[in-house]
Amino acid sequence: MKFKNAIIYSTHIETSLGGITLAATDKGLAGAWFDQQRHWPDMTGWQADASHPVLLEAASQLVDYFAGRRKHFDLTLDLSHGTAFQQSVWQALLAIPAGRTTSYGALSAGVGNPAAVRAVGAAVGRNPISVIVPCHRVLGSDGSLTGYAGGLDRKTALLELEGAL
């Protein structure tokens with residue numbers, strides 16, 4: 001993912017599922033990637049800032065989530081760095097409640113393009129804000145745990161944490 005025309009602030013936190021790099025712009029949280037996740041962003045020019053208020057709040061909420069004290073996130077998000085189609089898919093992911101799952105087909109229908117299952121899958125895979133934008137809640141049509149950019153072991157652990165498995 002390329003962030004264009006934005007100053008990116010970043011920090012790294014440790015969680016029970018491994019390290020996560022957080023990124024923020026002046027508009028809000030723009031990224032949360034597990035270490036070794038596919039589709040890692042180009043971090044050239046990013047400014048390390050562990051005291052950035054958006055990053056501090058995101059880190060705090062993630063700590064609470066992984067400790068089982070939080071089911072919902074209350075953060076301002078900056079999803080503007082994807083295509084219009086990707087942004088529509090990422091917004092649809094935000095509507096999947098904790099403890100629930102959906103399929104790629106249902107998500108495709110929900111964004112108004114039921115034939116675009118593969119394109120929706122690609123957009124889900126490019127979700128820049130893991131966990132908070134809950135792409136881990138999307139399953140195959142048969143309920144199988146299909147791909148997850150952070151790894152299927154993490155997807156399983158996230159769904160178990162939320163009581164969806």
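Strands (E, at least two residues) and helices (H or I, at least four) are DSSP runs, numbered from the N terminus. The model is a predicted one, in which local features need pLDDT of at least 70 and side-chain atom pairs count only at pLDDT 80 or more, while totals for chains, interfaces and linings use all residues. Residues are numbered from 1 along each chain as its sequence is written, and side-chain values use heavy atoms, with hydrogens and water left out.

S1 belongs to an open sheet of 4 strands, ordered S3-S2-S1-S4, with mixed pairing. Strand S3 (28–34) and strand S4 (47–48) are at the edges with a single partner strand each, so one side of each has no neighbour in the sheet. Two strands are taken to pair if DSSP finds at least two bridges between them.

## The partners of S1

With strand S2 (residues 18–25), S1 pairs in the antiparallel sense over 7 bridges. The two strands make a hairpin, with 2 residues between them. Within this pairing, Thr15 stands opposite Gly18, and His12 has Thr21 as its bridge partner.

On the S4 side, S1 is joined by 2 bridges, and these two strands run parallel. Here Tyr9 is found opposite Gln47.

## Ser10, a buried residue of S1

Which strand holds Ser10? This residue sits in S1, which spans residues 9–15. Ser10 counts as buried because its relative accessibility is 9%. Contact means heavy atoms within 4.5 Å. Leaving aside residues up to four places away in sequence, Ser10 touches Leu22, Ala23, Trp46, Gln47, Ala48, Asp49, Ala50 and Leu55.

## The buried side of helix H4

Now to the helices. Helix H4 (residues 117–125) has Val120, Ala123 and Val124 buried. These residues are on the same side of H4, because they cover an arc of only 100° around the axis; the arc is that of the directions from the helix axis to the C-beta atoms. An α-helix has 3.6 residues a turn, so residues three or four places apart point the same way. Helix H2 (84–93) and helix H3 (104–110) are among the elements that cover the buried residues of H4.

## Two residues with positive phi

Most residues other than glycine have a negative phi. His39 has a positive phi, near 65°. This residue lies in the loop between S3 and S4 and is partly exposed, at a relative accessible area of 32%.

Val131 also has a positive phi, near 70°. Its loop runs between H4 and strand S6 (138–139). Is Val131 buried or exposed? Val131 is buried, with a relative accessible area of 0%.

Leu159 is part of helix H5 (residues 152–161), and its relative accessible area of 0% makes it buried. Beyond residues up to four places away in sequence, Leu159 touches Thr101, His136, Arg137, Leu139, Leu145, Ala164 and Leu165. Leu159 and Gly99 are 60 residues apart in sequence, and their C-alpha atoms are 7.1 Å apart in space.

Gly110, in helix H3, counts as exposed at 63% relative accessibility. From Gly110 to Thr44 there are 66 residues in sequence and 35 Å in space, C-alpha to C-alpha.

## The largest pocket

How is a pocket defined here? On a 1 Å grid over the protein atoms alone, a pocket is an open set of points with protein on both sides within 12 Å along at least five of seven lines, whereas a cavity is a set of points where a 1.4 Å probe fits but cannot get out; lining residues have an atom within 4 Å of a point. Grid points are joined across faces, edges and corners, and a volume is the space filled by probe spheres set on the points.

The largest pocket has a volume of about 170 Å³. Its lining has 13 residues, and the closest to the pocket centre are His72, Phe73, Leu94, Ile132 and Pro134. By class, 10 of the lining residues are nonpolar, 1 is polar and 2 are charged. Ala, Val, Leu, Ile, Met, Phe, Trp, Tyr, Cys and Pro count as nonpolar, Asp, Glu, Lys and Arg as charged, and the others, Gly among them, as polar.

Definitions and conventions: Buried means under 20% relative accessible area, exposed over 50%, partly exposed in between (1.4 Å probe, protein chains only).
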